[in-house]
Structures are given as structure tokens and as C-alpha cells.
Amino acid sequence: MTNSGVNRTGVAPGVTHTEQCGDDVDFAKLKGDFPLLSRTVHGHRVVYLDSASSSQRPQCVLDAMDRFYETTYANVHRGVYTLAEGADRLYDEARIAVGRFIGAPDPEHEVIFTKNATEALNLVAGTWARTNLVRGDVVLLTDMEHHSNIVPWLMLAEERGIELRWIGIDEEYRLDLADLDRLLDGVKLVACTTMSNVLGTITPFAQIAEAAHRAGAVVVADGAQSVPHLRTDVSRLGCDFLAFSAHKMLGPTGIGVLWGRRALLEEMPVFMGGGGMIRDVRHDGFTPNVLPWKFEAGTPPIAEAVGFAAAVSYLEGVGLDAIHAHEVGLTAYAQAIFEERFGDDLRVFGPPGTAERGGVLSLAFRDVHPHDLAQVLDQAGVCVRAGHHCAKPLMRRLGVSATARASLYLYNDESDVDVLADAIAEAGTLFS
Amino acid sequence: MTGLEDLYREIILDHYRSPRNRGELPAPPAQRVEGFNPLCGDEVVLYVQVQDGAVADIRFAGQGCSISQSSASLMSAAVKGKTVPEARNLIRTFKAMMSVHEARLGDGVDGAGSTNGSGNEDAHDSATDLDSLGELAALQGVVKFPVRIKCATLSWNTLAQGLDEAEETSTEATNT
């Protein structure tokens, strides 16, 4: 497997202009686009800091879905009546819009709509890997993976007797690549996150993919955390498959994407059976449909695809580079406030600085249990997640059972960080 | 409005900061039993020594949030020296207090509750029982925070399991 080199510029026509338009974005006004952020909890405005788990949606995404249900809704799959044609067209357009968003060279065939990133990863494990891996073959993962990118491989290990290997992490919460070539020896597949959902670490994915391809392995990217925040180009990443979810990037729940190289997708067996994914069905067998429908059994999430396209359009309107710059600024602000107000009492699990990390801040505050911390924060309207964040092997490696995680997105601002810091101080008083 | 003071009563914070009966007991003769809350990683290891039909001694270890740890501490203080049937009664009463349904009736959150005569009687009964709980009643505020109920009941479920196992062990010993 080599980098195809297709579309090296990586960004489809009509999308590049977003780079410039981000400069003019007034992030202070963005919050007003998100209706939920205007509600109050316990008498305080909501400070939503759980976007790494799931983001909120702007009005335009909600409107796009409502409008679709109100004016155009019908099932897809080639109905001949006008409504069905409209639904088909919007569903196809959504596929192309989402594909362009990640620089897919051939979005019409390579973008598979799934339920979410989890299903996308299970699809690769259940089809490509199940067909191509035999007992003794090696799959290389990392200590930073979300359970979604661990359990499908553990299931395959149980079923097939494949071996799992793990890339560790260093003192500064980055992947330790010192032994990469040795770890890659004999590896058939590498599955790696592009950004840790616990540490915020942006992994050197392209470097890993290049080494993996030299070793003859197929490379899977879990992009659930990075695609919503960083400009993504599958050619530059160098992955063969990319999985991500709409609900973490301003879109609805219930829809995600598996992007794959066409040649690989073509040769893969089908995943789920049902309507839509077949060309012919007989008493004694079936013929699968062509890409991308081959992997989309049953009525797909149609309105969700329409909402997903609206979300992608909104993100492009703001500009991914502007979003990243905004989040870098906020992360630096949070780091400075934390240091100034809490010093060593507040530990952030993740790379120092902002160069190699996104806006995911996993916190340990004195000996206050993360659940207690999150409970106190909730009283101030602050939404953070406390727990193992579906990354138990990583939590074991960090030596903690849970952290309280604050994660930033385009609609957050410095006042949100201030409210968070005030609420942490309150927890300090309560549990002193 | 539900405030933090409903959850983090002074007694709870006191038991969290200075837990009673924290530690281990040699097992056997004590029964060692583990409880685990997979959702948040709370963990309790309970050592129960049943002698002559009573909880002669009890210790707990493990880690978790203030609610799970203080509940374990309060529980250990409450059942130490009690007969096994008394301890089982206490478990039942405590778990009834942790029932979301009853809390709603008591709170008047569930508007339909007022038309439900038997529901009111239940609420009355549990209110009477609360008197028998002593310090443990401090944990009743937890029920207004449904996500945290599992934290509060973890050590109690573990105790129930420990008493069951202790009984099995003693039955086996008698039979052989």
C-alpha cells in the first residue's frame, strides 16, 4: 500500500475559500447561533464544556432537518415520485459535501454513511480485517485509543487469534514512537486515533501511516476527535480508512462516516444485510450493490445526512483554521488561568503548551474525586464529563480511575473558562 | 431548587474526610467481598466478620467519590455489632430511602403522585423508617441526584452479598 498522491492539495474546489473567510469571524457572536447555549441550569447560563463527547448544534442545522421533514421527506433508494427524487438528491449531495470536507478524492463512492464512528470502525474490523487477517497476524493499536477502536479488535482477536500490539505514551503524553519500526514488524493493520479524547494529544498520524505503509500494513484513522476541530485531508493523513461522527461536529446523532480508499472498499465483503445494499436477491443467494450502497443496509439516516451537510457547511463558513486558532487561544488562556489560580493543585493530563494538543483538558483537582468535582461544576451550570471517557487502558496507564474533562469548541469563550475556574475554586472550598 | 448542601451534608463530608472502619480484616475468618461501579470506577472491598449471628467486625477499603466512600463509612458504623437480621433490615430501609420513586412522591415533583393514595402511604412509611436510620438519613439528599444513587448504594449491595456469602460459608461448615 502506498500513498496514492491523489489530490495532493487535498481540498476540493469550492472549499478552499473558507481559509480566508475565517479571519473575519466574530467568535463572540457565534454563541448566539446555538439555541441550547442560551438556556440556564440551576439559575446559571449553561457553560457547555463537553464537546469532546458530543457538540451542540446551530439553528441552521436544526432548521435544515425540520425543513427537510416538512417539505421534502421521502425514503431514498430511487423512488420515482418527485418527493423521493428530492430526498435522493439531498442525500447524495450530503455525501459529497461531507466527502469534500475531508478531502476525499472520490466522495460519491468512498463515503459510507454509518451510524457513527464506532460503527465505521466495526465495519472495517468486521469486513476488511475479518477477510484478510488470520491467526497470528498482528494489529497495532496505541495506548490512547477510545474503546471504539479497541473492542472491535479485541473481538477479532478472540475470534481469529490475531495478536494486538500497543504503541505506548511518553512522559509528556505523546505517542512514544522510538520503537515504531520494531513494533510494525509483521503488522497487517494499524488503527490509531488522530487526537486523544482524554489527553487532547494530536498524534503524528501521517508519520505513523507512512511507516506503516512501508511495512505493508493497512492504516485506519479514528478521526472522531480531530475531524471536528482540525482541517482534514485524507491524502495528507495517509490513511486508508477514516472514521468520524456527525454529532461531535455540530451535526445530529445517528450518523457517521467511514471513508475508505475505493480499491479497498470494492474488494471488501458486505457488512450488514438488508434492503438497499443488494443488486439482486434469489432463493439461493444475493448480489451486493455497488459502492457506496453496498455498505448501507436498510433505510439510512436521511434527515440526519441533511443536517450533517448543514453542519459541514457551517464549519466551512467559519473556517477550520479559524476554529483551530480560536481553540488554541482558549486552551492557552485556560492553561494560564489554571496555573495562576491553582498551581500544582490542578493537574492537566495532556501535552504541555498548545502545539501538539487540541482543546481537551482532562483535570485532576487535589484529591477531589472527578464525580464530586463535576457535581459542583454542574451547580454553576458548567457541563464537564467525569469518568474514564471510554479509554480504560489509558486511564490505567495514567494511574487514575477517572478524570474530569473540560473540552472546548468554537462556541466557547474566555468567560466560559472563567466560570469553570470559579467553580473549581468552589469545589476546593467545599472539599477542603 | 436542589442545592449542593442537600447532597454534601456535613456528616457526609466528615465521614469522607475521616472514614470510620477503613482497613482490612484477615479473611478468613472474615468474609472478603468486592463491589464495583463500572460506570464511574468506584470500588469497595468489604471485610465482614460474622460471629454468633452478628456482625462482630467490619472494615472497608477501595476508592471512589465522597458519596460512595462516606456511605461505606456510615454503613460500617451502623451495622457493626448488629445481628445479621438487623443488618439486613437496615439494608432494606436504606435502599428504600434511595428509591427515586419515593423521593419524587415526597418532593411533589411527580404531580400524579397526589392522586395516588397508596403512594402517599409509602412515603409516610419510609418517613417513619428514616428515624431508625440515624446519621444515615444524611444520605437521603442523594436521591435528588439520581446519577449518584449507585455511588451511595454500592457498599450496601456489597454488604448484602457479604452477608449472603458468610451465611453460605457457615452453612457449609455446619454440614461438613
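Predicted model: local features only at pLDDT ≥ 70, side-chain atom pairs only at ≥ 80, totals over all residues.
Select B:Asp52 to begin, and look at its surroundings: with 7 C-beta neighbours inside 10 Å, B:Asp52 counts as exposed, where a residue is called buried if 20 or more other C-beta atoms lie within 10 Å of its own, exposed if 12 or fewer, and partly exposed in between, the C-beta atoms being placed from the backbone. B:Asp52 sits in the loop that links strand 2 (42–51) and strand 3 (54–63) of chain B; helices (H or I, at least four residues) and strands (E, at least two) are DSSP runs, numbered from the N terminus.

Residues are numbered from 1 along each chain as its sequence is written, and chains are lettered from A and ligands numbered from 1 in the order in which they are written.

Stay in chain B and select B:Asn21, found in the loop between helix 2 and strand 1 of chain B. Its phi is near 60°, again a positive value in a residue other than glycine, and with 19 C-beta neighbours inside 10 Å B:Asn21 counts as partly exposed. The loop between helix 2 (10–17) and strand 1 (31–37) of chain B also holds B:Pro28, and the peptide bond leading from B:Ala27 to B:Pro28 is cis, with omega near -10°. Most residues other than glycine have a negative phi, and most peptide bonds are trans.

A:Pro292 is placed in the loop between strand 12 (285–288) and helix 12 (302–318) of chain A.

Next, show the sheet of chain A, an open sheet of seven strands with mixed pairing and the order 4-10-9-8-7-5-6, where two strands pair if DSSP finds at least two bridges between them. At its edges are strand 4 (111–114) and strand 6 (163–167) of chain A, each pairing on one side only. Within this chain, strand 9 (residues 241–245) and strand 10 (residues 256–260) run antiparallel and are joined by five bridges; to see one of the pairs, select A:Ala243, whose bridge partner in strand 10 of chain A is A:Leu258.

Now colour chain A by domain, with domain 1 as 23–57 + 319–430 and domain 2 as 61–316, bounds that come from an automatic or database domain assignment. Their contact takes 29 residues from domain 1 of chain A and 29 residues from domain 2 of chain A, two residues being in contact if their C-beta atoms, placed from the backbone, lie within 7 Å. On the side of domain 1 of chain A that touches domain 2 of chain A, the largest share, five residues, comes from helix 13 of chain A.

Finally, which helix of chain A supplies the largest share of the side that touches chain B? The contact between the chains takes 13 residues from chain A and 10 residues from chain B, and helix 14 (residues 370–379) of chain A gives the largest share of the chain A side, five residues.
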